[in-house]
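Keep the structure open as you read.

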Amino acid sequence: MFTKIMVPIDLRHLERLGNALGVAADLAGHYKAEVVYVAVSGREPSDLGHSAEEVAARLAAFGKDQAARHGHAATTHLFVSHDPAVDLDKQLLAAEGDIGADLVVMQSHVPNVADYIWASHGGTLAQHSRVSVMLVRG
Amino acid sequence: MADTDDTQGIPLPEGAADIIDTDYTIGQDNLEGNLGPFGFDVHNPVFLISALTIVAFVFYALALPEQATAFFGWLRPWLTSTFDWFFLGAANIFVLFCLFLIVSPLGSVRLGGKEATPDYTYVGWFSMLFAAGMGIGLMFFGVLEPVYHMAISQPLGVPSPIAEDGSIIAANVEAAKRMGLAATIYHWALHPWAIYAVVALALALFSFNKGLPLTIRSAFYPIFGERIWGWSGHVIDILAVFATLFGLATSLGFGAQQANAGLTYVFGVPTSTTVQIVLITVITGIALVSVLRGLDGGVKVLSEINMGIAALLLLFVLFVGPTMTIFSDFIAGLGTYVAELIPLSNPFGRADTDYMHGWTAFYWAWWISWSPFVGMFIARVSRGRSVREFIICVLIIPSIVCVLWMAVFGGTAIDQVLSDPAASAVKAEVIDSYNPPLSLFAMLEGLPLASITSVIGVVLVIVFFVTSSDSGSLVIDTITAGGKVDAPVPQRVFWCTFEGAVAIVLLVGGGLSALQAMVISTGLPFTAVLLLMCWAIFQGLRSEAR
């Protein structure tokens, strides 16, 4: 049913992605699907690397590690934005089409009062995405 | 958008660049967490000290308004008259340094690495650097300055063509007209843009090529080394935040007063604090929407729209106004500027102190105190340009646009004053009584369709303030997040709102003038900082691949 699962990654907070990574790996195993780990970065130096290329290398290493750990096919895509803090949702929506994903699995926080002002990234993606989106809480 | 995967490879390399090897990790001093439901990621101690000091100064200005006004009212003229030689001399060095970079082999270095490609088209890039740099100033000084310098300040001792009884002294007209434009162009062309170019180039080089965080302190790595991550760097960043926020807040306060004056002139809206508070709230509200739409969807779009409208207004005045006179003013003003550039730049032995202290030294201090903000914003959108291309586009092209703007708006106004002084609204608002906010509208009144063009003028003023407020919030947020460009968006919202709140508090309680004088006072230490930056840029460029 699914052939390509997109999993948005925040490389700074990998420890908070546990559930989504496990669910994505299970689904990939069940459907024999490829998992595509995606991240969005600016070109300015950051704590993740001096340049977008260094961030891309870090993401690629993460993808390889996940593939080895869970035994599924995995690739990575880094999307570069002029203003990653604001453009994240737009970039992820564009990313679905660019990589041809048919399912998105994404970690998302339990809704709180802030969601009435700013929708969560997962919430925005689920609202506007053309493909199925599975938000993993907690 | 670039993409990558581990099998296809990434669009490597961006090319050779001389990354500085430092143990410091961007964000290592940051405090990260949640405040209620909102996340934050701020530099410790830059964020806290900046925010608290700003609050403390606002309280000082409110609690002791007379003392603050008296102190800063004395400080500003003292600085511009005592250190005039320093401001003028330093600005000359910045221009010479930029011109040197254009012709030197160092100009081949590309920002972002040897193979980097520009992120923005020329139109988008140029619109943004212009809107952040001086769009608002052109609206307010485009008419005021040429007329004032022609008739009152008498740069280099060129006599006024207007006698005390208001009659025209024909013998003085041509020289005064030319000098009025040239003396204005001097304040808006090469020198201010060289100041911005130095700061922007330093930040872009040390961030995009050397891999240091996009914050002001990074430009001082060649001088302070690893110590920039300590207190010397904190002080530089805090000063930059301080100058930027107060610069924006006081401009927003004065801008609201000016927009109110324009609305009164056009629609008869009453001039009151309430109207001005509404204006600040509206401007801040639009800026918030722009902030939430991001760099590409917010500032860039607004800047392009505004530049388009400004260009239309320019063309309207050019063709409806005295077209041939404007063209001849453009040539004559530019020619006089070139011919008198050295005498106007000379810091020593000048008799025209009204012009030199009251205008030139004041402007240089003002541009320099704004340079961290404008420079950082220009740096952020300039990746992929070569140093030569960068300097030509930041220095030469905006200068030519400014010359054209001043020739069109100032030339038309001067023509109105000299051709029919008794009927000229510009003469009434600039020469007879000094009402800077009304000068633009007074000039437009002398042309057809004044009711439409004046509304366009008010809209332009407001939108230029929105782009300043928005880009300023972006810059302050980046500095107070230790150079992170992807800190949580609520922080940007906080700074944008804070800036509007400070402007309203100062507007209601008094103290706008005192704090603006204080911002200008930061121009003095920053002048020394910028001179050091030139040396740091030279050192930094030498080790880059060309």
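First, the ground rules. This is a predicted model, in which local features need pLDDT of at least 70 and side-chain atom pairs count only at pLDDT 80 or more, while totals for chains, interfaces and linings use all residues. Residues are numbered from 1 along each chain as its sequence is written, chains are lettered from A and ligands numbered from 1 in the order in which they are written, and side-chain values use heavy atoms, with hydrogens and water left out.

**Where the chains meet**

The size of an interface is often given as the accessible area lost when the parts come together. Here chain A and chain B bury about 3,200 Å² between them, with 60% of it on carbon and sulfur atoms; that is accessible area (1.4 Å probe) lost on putting the two together, summed over both. On the chain A side, Arg43(A), His82(A) and Trp118(A) lose the most area to chain B, together 21% of what that side buries. The contact draws 33 residues from chain A and 42 residues from chain B, where contact means heavy atoms within 4.5 Å.

**Helix pairs in chain B**

Helices (H or I, at least four residues) and strands (E, at least two) are DSSP runs, numbered from the N terminus. Axes are lines fitted to C-alpha atoms, for helices over the stretch in contact, and angles run from 0 to 180 degrees between N-to-C directions.

| Pair in chain B | Angle | Axis distance |
|---|---|---|
| Helix 3 (84–103) and helix 19 (523–542) | about 20° | 10 Å apart |
| Helix 1 (46–63) and helix 2 (65–82) | roughly 105° | within 5 Å |
| Helix 6 (170–188) and helix 11 (323–345) | roughly 65° | within 7 Å |

Helix 3 and helix 19 of chain B are therefore roughly parallel (angles under 35 degrees). Their contact residues divide into 16 nonpolar, 2 polar and no charged; Ala, Val, Leu, Ile, Met, Phe, Trp, Tyr, Cys and Pro count as nonpolar, Asp, Glu, Lys and Arg as charged, and the others, Gly among them, as polar.

Helix 1 and helix 2 of chain B are roughly perpendicular (65 to 115 degrees). Their contact includes Tyr60(B) from helix 1 and Phe72(B) from helix 2 of chain B. Also in helix 2 of chain B sits Phe71(B), 443 residues from Ala514(B) in sequence yet 7.9 Å from it in space, C-alpha to C-alpha.

The contact of helix 6 with helix 11 of chain B has 11 nonpolar, 4 polar and 4 charged residues.

As for helix 7 (residues 190–209) of chain B, 20 of its 20 residues are buried, so it is largely enclosed by the rest of the structure; buried means under 20% relative accessible area, exposed over 50%, and partly exposed in between (1.4 Å probe, protein chains only).

Most residues other than glycine have a negative phi, and most peptide bonds are trans. Which residues does a cis peptide bond join? Asn44(B) and Pro45(B), with omega about 15°. Gln154(B), not a glycine, has a positive phi of about 50° and is partly exposed at 31% relative accessibility. Leu449(B) has phi near 55° and counts as exposed at 52%.

Definitions and conventions: Parallel < 35°, antiparallel > 145°, perpendicular 65-115°, else oblique.
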